[in-house]
Amino acid sequence: MTPPSAETRPRDEQAADEPRPGRRSRFSTWLRTPGAWIEIAAWAALVAFVVFSLGIPLLGQGTFLNTAFLHDFAPWSDAAKSATSTSNVYDSDTIDSGAPQVALLVRLAHEGVFAQWNPYLSGGTELGGLPDSGAYSPLSLPWWILPLSYAPGVVKLLEIVVVTVGMALLLRRYSVPRAGWPIAALVFSSSGFMVAWTNWPQTRVAAFIPLLFWAIDRAAAEKKARDIISVGVALACMLLGGFPAVVGYTLFVGAFYFVVRTIVAHPRMREMVVSLGIVVGGLLFGVLLAAWQIVPFAHNALSVINFGVRAQSGGSGALGIGALVTSWLADAESEQSRGPIFGGGNPTEIYSYVGAAAVVLVAAAVLIRSRSPHRTGAVPLLIGLLALSVILVFLGGPLLAAVRHLPVFDSNPIGRMRCDVGFFAAALAGIGLGKLVEPENLRAEFARVRRVAPLYWIGRAAVAMLVLAAAAWIIWQTREILFPISAEYVHQVKLGVLWTGGVAGAAVILVLLAWILRSRIVGLVAGVGIIALVAVPAITSVQAWWPVASDASFYPNTPALNFLKKNLTAQQRFATSGQSTLPGTASYYQVRSLTGHTFQTTAWKQLMTAVDPASATTPTYSTLSPGNLPRSITSPILDRLGTRYVINDPSYPLVGTGVGGPAPVTTDSLTSTSTSVNTTTWSGPVNGFQFAGPANLVHVQKGMELTVSLIADGTGKTLASTTTWVQTFQGARWVALKGDSIPTSTSWHARISITGIPTGKSVQVGTTSAGLAAVNIYRPTPGADVRVVHTGDATIYQLLDAGDRVHWASNQSVETTAKARIATLQDPATPADEVVLSSPTTHQADPQGTASLKLDASDVNATVVHVNATLGGWVVVEDSLQRPGWSATVDGKATDLVTADNAGAAVWVPKGEHTVDLQYSTPGLGEGVVLTVASIVIAAIVSALVIVLGRRKRPRGRLAARPRQ
């Protein structure tokens, strides 16, 4: 058989015989191009951003979670001997709610328990069956496998990785040079939303926005069935992140993107319908993948969460021009994250930074034409969506009023749509740098003026005028923003304006040089220079927002917390006053709390409001008001709910009956050498006293120690003593003491000692003419049954009449209105063994009956009670059970769970020995799991069939198909 000649052999076979340059040769050739060094600089800038912002926590030196914030509150400040030195005081929710709930979920999972219920906050709340914590986002994996203090830094690293992958895939579809990919990722990762909301679930959701748009773009342009999976997986990852508002806002702008992209890509209606079917199928698949969390969330939203408190209406609610200015001037609305300069808003909800150099790159994306062919027309579409997002978020008006009726928009602040503003700006900045790498020279474009229609140049001139007008508007608004700033911040903000103006001016010059000149060296310098102008401000802008806390600050134990964990059983709970122990951290320490930071039912809120009208600080944050504590601590509802302890800041006013002493007429100065002063003489029991401190603030950075001892006058015996770390003194100071058992006949005086006063400073204490400290004492209130049981790092009061959380009721009454039920529960005359039912029942408890209860609370999802009753009666559980999901059995047989004491539940138990079992199962979880599993199985089967059928249809290789010679 004669072999074919070289001329008749296929071209690819001829090419296979030719020598090919090696990889090293190709790499060397690529390395000699300016674009290669710009790409290297771009990737290096992204790496530098990661290293300088996350490097220390990733090396295990400290934690990326801002737990130094705890030092500002009792009992941690005393234990750490420091007050907060954190630069970010606005991420308290991550410390007080988010991280503790994830930690609880993960710890119990490691013990083999799926914690659907959290029994430690506000009488109990939903946990593992809902996506609220963000623990099921793929980006939350480090929480499940790494030490809790180390996980937050790795989570943030994964966010940046996912953003980078998404941006690279999306910009690759736009044929943007690789240098633009990391810059787009850097701009988005350092944007205001992604920075300010770090360690919340919000950023774990938003990190998938680039991947979702990549998937939508593929589905719109290619019409491949495989993109049902890519769209679905990206959407499911977002939904599992636990913050639906970000998903809703993104799908809103994503719909516009899809429609325009499809119209441009496909001229025929049939093709558009196919693309629409793929995207809709992908969205449906994504919802089904996340159904095991979405279905329970929908149940909870309809029955527990009150979205009415966050209802939005009209065109108001936009962030305003001041917030928009933070897009290029980081300090415009806040001194980084340390406090407001003007506007009065929460910087976390306002901060919108993308960077001055990034804004210039957005302009470059609009103005510069790339010399490489086959570029997609994504810029006009992205510019349009960026403009739409900016109008909705910052300007509001009729457009915002029009969309306020849509789901998500009607129950969420529009400012959270900043995630999409940052995304579009970042994508355009990446495109802008890509065009800067290989621009069509401006002079070359002018040379074509005679070969193009006049309409082309009119359009180009109009675009240039719009960009110049936008630049002038930016300068004007930056100037205007300076006038409302208070005098103390003016100098600092002026320096910020000069720095921002310098960055922007340098970026404009570099862009113009690369655009106008034909020098490869100039292009290289301009590209690397503008990358530096993006990276350096991005790195500096996150420093205050992302403080690194010491490992020792990660939820440490303190004497007060150890006291609660030691003395509280499953039958009791404690309550917070003010921000002592930050109410949400009870989840981390696994102690039951009456108060908390979580979603609460209306019935539970009614009880809390009856105890203290000021207890609801926010719709999700409840704690007793320190000012109302002397009254609220005596509420019978606290006793009924099993509240055994109340924890208070040691500097807060005391509980008890105040007894006035002699008024101060002079002061005694305590110094580094003269450290103590005695009080006037008193006698009998005492909860503590108040003394007059200095009129002017005395602040010692390292702190001082205040020690107060009660000394018996006759024997000199120390009756009680307490020591508290104090950083500042000013005005009245309260000191709690465990002195309620001092006999009435025992006279005593107190010695006030302050150590650690630096040389040259002094602390004045009000004294009588005899030189004794003048104090007002607080005695235990007769009949109140409240005593001080712990002092120092925090003051803990014990409620001696507190009942059990799960108890027996041999009496019952019926009140059909919440007002009547609350009045009955508040009435001290209501017997402790009387249950207040919300509706009549067929059962009637016998007042002569008694019962012994043995509680088994080893499972967080259940309350099991072993009962031995002499007569029929009620087992009452004083938890927040008025929500779907709870069921009860007696001896394994289903029984009614009757509404009791407004928020709790009661189970009728007949005479004899029985086992009462209350179980919580997340409503909709089973159905959601079935939908998720079914969608995965169906997708796997269909994918396998497509692969198999595709292989069967695939033609055999070329050699096999060649006819025999």
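Is the crossing in which H8 passes H25 left-handed or right-handed?

Mentor: Happy to. This is a predicted model, in which local features need pLDDT of at least 70 and side-chain atom pairs count only at pLDDT 80 or more, while totals for chains, interfaces and linings use all residues. Residues are numbered from 1 along each chain as its sequence is written, and side-chain values use heavy atoms, with hydrogens and water left out.

Now to your helices. H8 passes H25 in a left-handed crossing; the term means that the near helix is turned anticlockwise from the far one by less than a right angle, with clockwise giving right-handed. Helix H8 covers residues 180-189 and helix H25 covers residues 520-542, and their axes come within 10 Å and cross at roughly 25°. The axes are lines fitted to C-alpha atoms over the stretch in contact, and angles run from 0 to 180 degrees between N-to-C directions. H8 and H25 are therefore roughly parallel to each other, since angles under 35 degrees fall in that class, over 145 in roughly antiparallel, 65 to 115 in roughly perpendicular and the rest in oblique. On the H8 side, Ile183, Leu186 and Val187 meet Ile531, Val534, Ala535 and Ala538 of H25. Contact here means heavy atoms within 4.5 Å.

Tyr555 has a positive phi of about 45° although it is not a glycine, and it is buried at a relative accessible area of 4%. Buried means under 20% relative accessible area, exposed over 50% and partly exposed in between (1.4 Å probe, protein chains only). Val408 also has a positive phi without being glycine, near 80°. Val408 sits in the loop between helix H20 (397-403) and helix H21 (418-437) and is partly exposed at 22%.

Phe188, Phe213, Tyr257, Phe423 and Phe424 form one aromatic cluster. Rings of Phe, Tyr and Trp (its six-membered ring) pair if their centres lie within 6.5 Å, with planes under 30 degrees apart called stacked, over 60 edge-to-face and the rest tilted. The structure holds 28 such aromatic pairs. One of them, Tyr136 with Trp144, is stacked, at 6.1 Å centre to centre and 25° between the planes. In another pair, Phe213 and Tyr257 have ring centres 5.2 Å apart and planes at 80°, so they are edge-to-face. That pair links distant parts of the chain, 44 residues apart: Phe213 in helix H11 (residues 209-222) and Tyr257 in helix H13 (residues 244-265). Phe213 is buried at 0% relative accessible area, and Tyr257 is buried at 1%.

Of its 965 residues, 53% count as buried. Among contacts between residues at least 6 apart in sequence, 78% join residues at least 24 apart. One backbone detail to close: a cis peptide bond, with omega about 5°, joins Ala74 and Pro75, and Pro75 lies in the loop between helix H3 (34-58) and helix H4 (76-80).

Notes. Helix = DSSP H or I, 4+ residues; strand = E, 2+ residues; numbered from the N terminus.
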